[in-house]
Amino acid sequence: MGRVSGRDPGLQPARTRLAWRRTTLSCTVAAVLAEKTALHGSPGTVGWVAAALVLVVWLGFLGVAHRRITGLARDEVAPPLMSRRGAVLGTACVIAMAVFAAALVV
C-alpha cells in the first residue's frame, strides 16, 4: 500500500463548525438572559451599562465565531488555523460574558 500524500481532515472541520455554532447559540441564550435580567423593572444607569456591555461582548463573540465558521467552510485540504488574535478575543468574550452574567445575578 502506498502512502497518501497530504492531510485528510475527514469530518473534523464539519465537527468544529458545529461546535462553534453550538457555542454561538449558547452565548446568544446567555446574552438574552443577561439582557432580560439587566433590564428587568427599572434598570437605572448600572442596568443600562451592563446591558450595553453584554451586547458589545456578544457582538464581538459573533464576529469571532462567524470568521472561524466561514474559514472552516472553505473546501480546502487543510483548514486554516485560528489566529492567536481570534483565539484571545473569543476567550476574552466568553470570560467577559460570564463575569457580566455573574454580576447581574448577584
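This is a predicted model: local features need pLDDT of at least 70, side-chain atom pairs count only at pLDDT 80 or more; totals for chains, interfaces and linings use all residues.
**Entry 1: terms and model**

**Entry 2: overall layout**

I looked up the secondary structure and found three helices and zero strands in the chain, with the elements running α-α-α from the N terminus on. Of the 106 residues in the chain, buried residues make up 25%. I then turned to contacts between residues at least 6 apart in sequence, and 71% of these join residues at least 24 apart.

For α1 I read 27 residues and a reach of 38 Å from its first C-alpha to its last, which is close to the 39 Å expected at 1.5 Å a residue. The buried residues that I listed for α1 are P13, W20, T24, C27, A31, A34, E35 and A38.

For α2, which covers 44-73, I compared the span with expectation: its 30 residues should span 44 Å at 1.5 Å a residue, and the end C-alpha atoms are 43 Å apart, which agrees. The buried residues of α2 include G47, A50, V54, F61, V64, R68 and L72.

**Entry 3: the nonpolar core**

I next asked which residues touch the most other members of the largest nonpolar core. Of its 17 residues, these are W20, A38, V54, F61, M97 and L104. The helices α1, α2 and α3 each supply at least two residues of this core, and α2 gives the most, with nine residues. As background I wrote down that nonpolar side chains tend to be buried together in soluble globular proteins.

**Entry 4: the largest pocket**

The largest pocket has a volume of about 270 Å³, and 13 residues line it, with V64, R67, R68, S83 and G86 lying nearest its centre. By class I counted five nonpolar, four polar and four charged residues in the lining. Both α2 and α3 (84-105) supply at least two residues of the lining, and the largest share, five residues, comes from α2.

Are R67 and R68 buried or exposed? R68, which lies in helix α2, has a relative accessible area of 15% and is therefore buried, since that value is under the 20% cut-off. R67 also lies in helix α2, but R67 has a relative accessible area of 62% and so counts as exposed, the cut-off being over 50%.

Setting aside residues up to four places away in sequence, I found R68 touching W20, P80, L81 and M82. For R67 I looked up the separation from G86: the two are 19 residues apart in sequence and 8.7 Å apart in space, C-alpha to C-alpha.

Last I looked at A102, which has its place in helix α3 and is partly exposed, with a relative accessible area of 41%. A102 and A34 are 68 residues apart along the chain, and their C-alpha atoms are separated by 9.1 Å. A34 is itself among the buried residues of α1.

Definitions and conventions
Residues are numbered from 1 along each chain as its sequence is written. Side-chain values use heavy atoms; hydrogens and water are left out. On a 1 Å grid over the protein atoms alone, a cavity is a set of points where a 1.4 Å probe fits but cannot get out, and a pocket is an open set with protein on both sides within 12 Å along at least five of seven lines; lining residues have an atom within 4 Å of a point. Grid points are joined across faces, edges and corners, and a volume is the space filled by probe spheres set on the points. Helices (H or I, at least four residues) and strands (E, at least two) are DSSP runs, numbered from the N terminus. Ala, Val, Leu, Ile, Met, Phe, Trp, Tyr, Cys and Pro count as nonpolar, Asp, Glu, Lys and Arg as charged, and the others, Gly among them, as polar. The expected span of a helix is 1.5 Å times one less than its number of residues. Buried means under 20% relative accessible area, exposed over 50%, partly exposed in between (1.4 Å probe, protein chains only). Contact means heavy atoms within 4.5 Å. A nonpolar core is a set of buried Ala, Val, Leu, Ile, Met, Phe, Trp, Tyr and Cys residues joined through side-chain atoms within 4.5 Å.
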